[in-house]
Amino acid sequence: MTQMKPQIPDVTNPLVLGIETSCDETGVGIVRGRTLLANTVSSSMDEHVRFGGVIPEIASRAHLEAFVPTLQQALETAGVTLEEVDAIAVTAGPGLAGALMVGVSAAKALALATGKPLYAINHLVAHVSVGLLERDGSDVAAELITDDGDLVPGLGAVLVSGGHTEILRVGDLADDVQLLGATIDDAAGEAYDKVARLLELSYPGGPAIDHAARGGDPAAFKFPRGLSNAKYMGTVESPGKHRYDFSFSGLKTAVARVVEAYEAAGETVPVAEIAASFQESVVDVITRKAVLAATENNITTLLLGGGVAANSRLRELLAERCAAHGIRLVVPPLSLCTDNGAMVAALGARLVSRGVGASSLEFTADPGLPVTAVSVP
Amino acid sequence: MLLLCLDSSAAASVAVVDTTEQQPQILARWETQDTRSHAEVLTPAVEQVMAEAWVTAQELNGVLVGTGPGPFTGLRAGLATARTLGFAWGLPVHGMCSLDAVANDVAALPDSERPTEFVVATDARRREVYSAVYRTERDGGEAIHAVLVSGPSVGPAAELPDLPAYGRGAGLYAQDLPQAVLMPVPGAVQENAPTEWQPNAASLGLAAAGVVNSGGELSTKTSPLYLRESDAKVPGPRKKATA
Ligand SMILES: [Zn+2]
C-alpha cells in the first residue's frame with residue numbers, strides 16, 4: 001500500500017539496508033543494529049583502467065546495470081526479505097553527481113515500494129560509522145561504543161581515497177561532525193593514479209605505487225609536502241588558513257619534472273626511487289597533519305578509512321606516529337574501508353536508534369554535501 | 001491490464017494507463033518540464049499518480065519505462081526508479097523507445113492531419129537530435145498504430161529524411177526541416193504545436209496498449225538507448241609539465 005505511512009522501526013536493533021553509489025562501487029549492505037549481515041559490492045574499476053582514472057559517465061552506467069542484481073544478492077546473503085527491513089539508507093553526497101543520482105533514484109523507489117522510511121546520509125560520516133559494526137559477535141575494528149551506547153569521547157577520523165582526503169572530528173555520529181581539514185585540489189588516491197601514469201604503472205595507482213616503492217629509497221628525491229610551510233600552518237595560537245589541509249597537485253608536477261629530466265637526459269627513470277619518494281611525501285604529510293589535528297583537538301581515537309587505507313606505508317607511518325602521541329588508531333578491515341553499502345547501513349541504523357527523523361522522498365542528492373549535514377531532511 | 005508508466009528521456013512524467021482493448025485510458029498522469037530534477041521528483045510523482053488513480057501496487061500488472069534516447073543522467077533516474085519498483089513489487093518491467101510516445105500521438109491525429117510516414121525528433125543537445133522514422137498503419141480493426149521504420153539514431157537535424165517532422169527536436173531545428181509541423185493541430189492529443197511535443201508516460205502507455213491490443217508483446221528489455229559513447233578519451237601521450 002503506497003498510502004501507508006512508514007512504521008516507526010525497532011529502535012534498539014533496526015534492520016537497515018544501505019545503498020552506496022557515490023563513485024565507482026555499487027554497494028548494498030544490510031545491518032541489524034550494529035551487526036553486519038551483508039556487504040555486497042560491484043565495482044566498475046576494470047572499466048576505468050584504460051582511462052587511468054574514474055570516468056563518471058562510465059561509473060554511472062555501471063551503477064544502473066549493477067543496482068538490482070547487487071540488491072538481490074545482498075538480501076540473499078543476509079537471509080532477509082524487503083518486508084523485514086526497518087529502514088533504507090542511501091548516500092546523498094558528497095560524490096559524483098550522475099553516480100549519486102542512480103542510487104538516490106533507486107533508494108527512493110525502494111522506500112516507496114516497501115513503505116519504509118528513507119535516510120539520505122553523508123558518505124564521509126558513513127566511512128566513520130563502519131567502525132561501529134560487529135561481525136560474528138565481535139567488533140570489526142575496535143570498541144568505538146561505550147557500555148551505555150555512546151560513542152567513545154575524542155573520536156576523529158582520517159579518510160583517504162581516490163575521491164576524498166579529509167580529517168574529521170566526530171562528537172556524535174548523528175549530529176556533531178566537524179571537518180578539520182581536507183584536500184584543496186586532488187584527492188590522495190587521485191595523485192597516486194596520476195603519478196602511476198607518469199611512471200607507466202598500472203591503474204589503480206595506489207597498489208601499483210605501493211608495490212613499485214618496495215626496495216626504493218624514500219629519501220632519494222625531496223618532493224614537496226603540500227601546504228606545510230609556516231604561512232599555511234601558522235601556530236597553535238594563530239593557526240594558518242590551511243593548517244590541517246592538503247594539496248597534492250604541486251607534488252604531481254614535481255614528480256613529472258623529475259621524470260622528464262631523466263627522459264631528456266636519455267637516462268632510465270628510477271621508478272622505485274621516485275615511487276618511494278612520492279609515496280613518502282604523501283604519507284608523511286597525511287600522517288603529520290592527522291596527528292597534529294588530533295593532538296590539537298582532543299582526539300584520542302583515530303579511525304582510518306577510505307580505499308588508500310590499503311596502503312602499507314600509510315598504515316605503518318600512521319601507526320608509528322599515533323603511538324608516539326598516545327592516540328589509539330583504528331583501522332577497519334579493508335573491505336569496509338573502501339566504498340560500500342554496509343557503512344551507509346551502519347550510519348542509517350545509528351540515526352534510527354537516535355530517533356533522527358527520516359528524509360522526505362523529495363530530497364536532492366548533493367555532490368558537495370558538507371560533513372555537518374549527517375543526513376538530509 | 002494496468003501499467004504504471006514512467007518516462008524521463010526529456011521532461012519527467014508518470015502515468016497509470018489501463019490498456020483494455022475496448023477503450024485504453026489514462027487513469028492519472030503527472031508531468032514536469034524541468035529536465036534537471038528527475039531523481040528528486042519521480043518517486044513522489046509515482047506516489048501521487050497511483051493515489052489519484054486509486055491503484056495499489058497489487059493491482060498493477062507491470063511497470064513500463066521509456067528507454068530513451070535522452071540525456072543520460074535524467075534517463076537513468078527513470079530506469080533506476082522503474083527497475084527498482086518492479087523488483088520490490090515483483091512486477092514485470094517493460095521497456096519501450098521513448099520516441100514511440102510521440103509517434104503514438106501522431107498516429108492519433110485526425111484522419112485529415114495524419115501523415116503516412118513521418119519523423120519524430122527530440123533534443124539531443126550539442127546541435128543534434130535523437131530521431132526515428134515511423135509510418136502509420138491500420139490494424140485489423142479501427143485502430144491506427146505508428147510502426148517503426150528506422151532508428152532511433154542521433155545526428156544533425158539537417159540529415160533527417162524529408163518527411164513531416166514532430167517533436168521538440170523538430171522545433172529547435174525547424175530551419176533544417178522543411179516539413180516540420182509548426183502549427184497546433186485541432187483534435188490532437190497534445191494541444192501545443194507538434195514541434196513542441198515531448199515523450200510522456202501517458203502517451204507511452206497508450207502506445208503500449210496499441211502493441212498489446214494488436215497481438216504484440218511488450219519488451220522486457222530496459223537497456224537505455226544512450227546512442228552515444230561516454231565522452232571519455234583514453235589518455236594520449238602525457239603533456240610536459242615543463243613545457
Ligand atoms: Zn568514500
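**Salt bridges, chain contact and domains**

Mentor: Glu280(A) and Arg313(A) are joined through their side chains in a salt bridge, with an N to O distance of 2.8 Å. A salt bridge here is a side-chain nitrogen of Lys or Arg within 4 Å of a carboxyl oxygen of Asp or Glu.

Trainee: Which parts of chain A does the pair Glu280(A) and Arg313(A) tie together?

Mentor: Glu280(A) is in helix 9 (residues 271-296) of chain A and Arg313(A) in helix 10 (residues 312-324) of chain A, so the pair ties together parts 33 residues apart in sequence. Helices (H or I, at least four residues) and strands (E, at least two) are DSSP runs, numbered from the N terminus. Please keep in mind that this is a predicted model, in which local features need pLDDT of at least 70 and side-chain atom pairs count only at pLDDT 80 or more, while totals for chains, interfaces and linings use all residues. Residues are numbered from 1 along each chain as its sequence is written, chains are lettered from A and ligands numbered from 1 in the order in which they are written, and side-chain values use heavy atoms, with hydrogens and water left out.

Trainee: Noted. Is Glu280(A) buried or exposed?

Mentor: Glu280(A) counts as buried, at 14% relative accessibility. Buried means under 20% relative accessible area, exposed over 50%, and partly exposed in between (1.4 Å probe, protein chains only).

Trainee: And what does Asp284(A) pair with?

Mentor: Asp284(A) forms a salt bridge with Arg321(A), and their closest N and O atoms are 2.8 Å apart. This pair also links distant parts of the chain, since Asp284(A) sits in helix 9 of chain A and Arg321(A) in helix 10 of chain A, 37 residues apart. Asp284(A) is buried, with a relative accessible area of 7%.

Trainee: Which residues are linked with Asp284(A) in a network of salt bridges?

Mentor: The network links Asp284(A) with Arg225(A), Arg288(A) and Arg321(A).

Trainee: How many salt bridges are there over all chains?

Mentor: The structure holds 21 of them over all chains.

Trainee: Let us change topic. How many salt bridges are counted between chain B and chain A?

Mentor: The count between chain B and chain A is two. In one salt bridge, the side chains of Glu57(A) and Arg76(B) meet at 2.9 Å, N to O. That pair joins two chains, because Glu57(A) lies in helix 2 (residues 56-78) of chain A and Arg76(B) in helix 2 (residues 72-89) of chain B. Glu57(A) is buried at 15% relative accessibility, and Arg76(B) is buried at 1%. Glu65(A) and Arg83(B) also form a salt bridge, with 3.1 Å between the closest N and O atoms.

Trainee: What area is buried between chain B and chain A?

Mentor: About 3600 Å², of which carbon and sulfur atoms give 63%. Buried area is the accessible area (1.4 Å probe) that two parts lose on being put together, summed over both. The contact takes 38 residues from chain B and 42 residues from chain A, where contact means heavy atoms within 4.5 Å.

Trainee: Now chain B by itself. How is chain B divided into domains?

Mentor: Domain 1 of chain B covers 2-98 + 200-213, and domain 2 covers 99-196. The bounds come from an automatic or database domain assignment. The centres of the two domains, taken over C-alpha atoms, are 21 Å apart.

Trainee: What do these domains of chain B share as an interface?

Mentor: About 1200 Å² is buried between domain 1 and domain 2 of chain B, with carbon and sulfur atoms giving 54%. Helix 5 (residues 201-213) of chain B contributes the largest share of the domain 1 side, five residues. In all, 16 residues of domain 1 are in contact with 13 residues of domain 2.

Trainee: What does Ser203(B) touch?

Mentor: Ser203(B), which lies in helix 5 of chain B, touches Ala101(B), Asn104(B) and Asp105(B), not counting residues up to four places away in sequence. Ser203(B) is buried, with a relative accessible area of 3%.

Trainee: How many residues of helix 3 of chain B are buried?

Mentor: Nine of the nine residues in helix 3 (residues 99-107) of chain B are buried, among them Ala101(B), Asn104(B) and Asp105(B). Their cover includes strand 5 (93-96), strand 6 (117-123), strand 7 (129-138) and helix 5 of chain B.
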